[in-house]
Amino acid sequence: MIIREAKCADFEAIAEVINSCWIDERTSAKALKDELSKLPERFRHGELVVEVNGTVVACGDYSQFPGMYHPQKFGMWINVMPEHRNKGIGTRLLNKLLEAIELFDPISI
């Protein structure tokens, strides 16, 4: 298992992971990229993916909210494909995301 920062080329795989978790709310790589492009420059954001045998099976991100911005408040999302759940992937991804936002001294997640 490899946890790494997401690259632009990962957005198709990220959309697949999200769609496997949220079957009633479909997304696409384009929609995800469009959403990111709308974040103000001052907003802190990061996206990680988890690969198992070269395939992205989970994704997680942290971000700040445009409607209620505070420099130390974040939202965090983790999605793990159903067939890869209960194997510690989500926990390891959560820990990596928490490490990533530590330097921003968060007061709320």
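**Note on cysteines, sheet and helices**

1. The sulfur of C59 lies 7.0 Å from the closest cysteine sulfur, in C21, too far for a bond. C59 is buried, with a relative accessible area of 2% (buried means under 20%, exposed over 50%, partly exposed in between; 1.4 Å probe, protein chains only).

2. This is a predicted model: local features need pLDDT of at least 70, side-chain atom pairs count only at pLDDT 80 or more, and totals for chains, interfaces and linings use all residues. Residues are numbered from 1 along each chain as its sequence is written, and side-chain values use heavy atoms, leaving out hydrogens and water.

3. There are zero disulfides in the structure (a disulfide is a pair of cysteine sulfur atoms within 2.5 Å). C8 is in none; its nearest cysteine sulfur, that of C59, is 15 Å away. C8 is exposed, at 54% relative accessible area.

4. Four strands form an open sheet in the order 1-2-3-4, with antiparallel pairing. Strands (E, at least two residues) and helices (H or I, at least four) are DSSP runs, numbered from the N terminus. Pairing takes at least two DSSP bridges between two strands. Strand 1 (2-5) and strand 4 (75-80) are at the edges, each with a single partner strand, so one side of each has no neighbour in the sheet.

5. Strand 1 pairs with strand 2 (residues 46-52) in the antiparallel sense, over four bridges. R4 stands opposite V49 in strand 2.

6. Helix 1 (residues 11-21) lies across strand 2, strand 3 (55-63) and strand 4, at about 85° to strand 3. Contact means heavy atoms within 4.5 Å. Axes are lines fitted to C-alpha atoms, for helices over the stretch in contact; angles run from 0 to 180 degrees between N-to-C directions.
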